Structures are given as C-alpha cells and as structure tokens.
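Please read these notes with the model open beside you.

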Amino acid sequence: MKSVDYLIIGGSAAGTTAAEVIRGLKPDASITIVTEESHEEYSRVLIPHYIRHKVQRDQVFLKKSEWYTEKKIKLLKEVRAQRLEASSKSVKLSNGEEIQYGKLLITVGGYPIKLDAPGSDLGNVFYMRTVDDADNIVKVASSASAKASADRQSAKGVIVGGGFIGLEFASGFKKNGVEDITILVREPYFWSFKLDEDSSKVLVTVLEKNGIKVVCNEEVERFEKGAVVTKSGKSLPADIVGVGIGIKSDFSFLEGSGVNINRAIVTNEYLETNVPDVYAAGDCAEFRDVIFERQHIVGNWANATSQGSAVGKNMALTSPSASDGQAGVKTVFETASSYSINFFDVGSCTFIGVTEADFSEKTVLRGSVDSGKMTRIFIKKIDGVERIVGATVINNPREVAPLTSVVKNRTDVSKFVEKLSDSEFDLKDLSS
C-alpha cells in the first residue's frame, strides 16, 4: 500500500489551492491529488467566457503539468475515490490503488444533476460544468448556426432550468449564433426559489429584450431529434439544448466511513470533519459559518479557493502551541460570500451572503420593475444586533460593494432600516 502525508480527493479550486498552501508550509511533505478530470486544474468560472469567445481555450487552464512537477505534487487524473477506510486511514481508488494518508482533504465539488427524460442521449443535450462540455457546446451551437444560416433560417435552442447556468447558456448560445432561444422553468416564474417576483421580472425583461422567451410552469417530457416535448404537449424546435437544474455531490465513497454528512460534509469553522485528520472544503462542505452562526454551503469558485487556502494552513499545522504564524495557528474560515453574473452586456445579478428568506426576519425592497433595478435586502437580529445578512441585487452593481461590506463586518444597521427602501438613500452611509 502506498502512503502519503497529504491526500486530496478533488483537483479543482479548493483542492489545488490547499495543495499549494501545504507545499509552501511543508517543503518536504508528500502530496497527492486524485481527480476524475482528464486535465490539470482549470477555471470553471472562465468556461462561460470561453463559450462566449471572450477568452481562448488555453486561458481557461490555470496549471500545466510542469507546475505539479515543480511543486512535487503527484496528480492522478481520471481516477475516482471508491472507499474511505477511516480506521486504517486509507482510500481505495478506481485504478486499483490503495493509498494510506496522514491527513485527507475531500474537495469533490458538485456534479450536474442529470435530467432523466427519454432522448437525453441524442447528442445535442448539454450541461455546463467541464471544459469538455464547453468544447462540445461551442462545436454543436456553431454547427447548428451555420446550417440554419445556409437554409436561411435561425438556429434554435432550448434551455431547461433558470438560475445562473440558465443565464450562462442563454448568453453562450447567442454568441455562437443560436438566435431563437426558449427557457423552460417548471416554477411559476423565473428563479422563483431565489428571487421575488418583481426581481424576476426585472431580470426577465433583459432576457426578452435580447430575444429570449421564458416559458414557466413547464417540464420536459422527452427529447426528440430537433425538438423538446413538454409534459403539456408543446413541441419546441431545438437544434441544441442546455440543461441547468442544479448540482449535487457524490458521497458514495464515504459510506460506512463515519464522516458526518447532512446536506454536504459537515465541518467546523476550521473545515475539520468529525473524523480525525479528515477535512472537507469547497462545494462539498457544509461548514460552520462564524459570520451567520450556522452551518452553510457556498458553491462558488471564490469560496472554494478561500476555503482551500484556510484548510491548507490547518492541515499543515504542526503544533497548536507553535508561534510561527501560518503553520502554528488554526485558521478560521470566514467569508461573506458573493456571486455575480453579467449577461447580454446590460444585465447583472449578484447574490450576497445568506439569501434564503426564511433565515432572515425582515426583507426590504429597493427599486422597481419600471426602473429596471431591484435590490432585496435580508435583515436578522443576531446577538442583539440588527444586521444585514444577505441581499440579491439585480441590475444595480453600485449597491454590491456597500452591501457586501456591511454583511462581512456584521454592521449594526438598526438606525438605517427605515431608510433602506428609499432608492435615494446611499448604501455607503451604512458604514458610517
């Protein structure tokens, strides 16, 4: 059985960042990264930009094979973890190897939820997660556009599901010549599980101005060659289909390991699990959020990178009593998460902090459908202090920075609550 000091399952943002941090603090330690991908680390954030031809394919890649050699980090590509044996501190892999570890980090991330419908294997139904997905989307969309143009027609696309991925598909299809696009959502309005109806209307207005139709209360019955058939009987022409209905993590290799799993792998504020020497970070971690005093999952690239840095320091910890700074003091992971998307050059959408309405006690709306801007602010009293715990900001990017600041700094906003709904009130005053 092979053995390493640090074994990392998952080679994207959290895992690779952690490996780099550990190497900087532990020059002589052995480090192995196991990844299902066939590539070195690349940026999932840049995939939509690559599809829209804003960056070249090689710019998506963040690490080359030489980097791993230089850092003395072993990268096992196209390999899955099959079973964690916590008692013997070993992991069985799909390539037949078994590796014993000193410390283990799980950063498996999430996988697109597949749409279980007949015809989903026809070859024109895509998800947007990997660089290989991006390659195929560009190829098929461009080919459909060229063929339609030759026939003096418009290429047609259907997107199943709203949210960030739905918006990315819409922009990506358009940039590759697919002009006639319909978005199907099964909810009563676009992004209803994250936005109020007015915020959704503001966002949908931008889509409609760019020729995107949004059809609500519809689900896919089946895919046919050149069409998507809904459960209500509609047949929508489709040269290409994009599906974005969420992601999930595969924790099957943790069965029987004793690792505590709730919605994701449960960790404390140091990203430690309940099993000694086993850590988790990134999309697959349900961490103790010290800002909001609750367990929290944040699925974005910036969070994964930040968690990778924090957990790398904690895994490299030599002694709790050491005084050498990074390597000797546990690092609490603390973040006020923010995720933004810009679409069709005029639309923008940002989520800050906790945006689940049932977590907050008050919700304040700023803006209007007519103004084309809408901000929803969530307020909760924590430890006797009235705080902004989250916000959704549609088409008003100037409000993102001040809201992020007060969320992160746990600012008492009690004296400003009555003013927040006034669009003329400058949110920068919240920090005064």
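**Notes on a helix and a sheet**

1. The buried residues of helix H6 are Gly163, Phe164, Gly166, Leu167, Glu168, Phe169, Ala170, Ser171, Gly172, Phe173 and Lys174 (buried means under 20% relative accessible area with a 1.4 Å probe, protein chains only; helices are DSSP runs of H or I, at least four residues, and strands are runs of E, at least two, numbered from the N terminus). Eleven of the 13 residues of H6 are buried, so the helix is largely enclosed by the rest of the structure.

2. This is a predicted model, in which local features need pLDDT of at least 70 and side-chain atom pairs pLDDT 80 or more, while totals for chains, interfaces and linings use all residues. Residues are numbered from 1 along each chain as its sequence is written, and side-chain values use heavy atoms, without hydrogens or water.

3. From its first C-alpha to its last, H6 reaches 19 Å, close to the 18 Å expected at 1.5 Å a residue (1.5 Å times one less than the number of residues). After H6 comes Gly177, with a positive phi near 90°.

4. The open sheet has five strands in the order E21-E22-E25-E24-E23, with antiparallel pairing (two strands pair if DSSP finds at least two bridges between them). Its edge strands, E21 (338-343) and E23 (362-368), each pair on one side only.

5. Strands E24 (residues 373-382) and E25 (residues 385-394) run antiparallel and are joined by nine bridges. Thr375 has Val393 of E25 as its bridge partner.

6. H6 (residues 163-175) lies across E21 and E22 (347-353), at about 25° to E21 (angles run from 0 to 180 degrees between N-to-C directions of lines fitted to C-alpha atoms, for helices over the stretch in contact; contact means heavy atoms within 4.5 Å).

How values were computed:
Buried means under 20% relative accessible area, exposed over 50%, partly exposed in between (1.4 Å probe, protein chains only).
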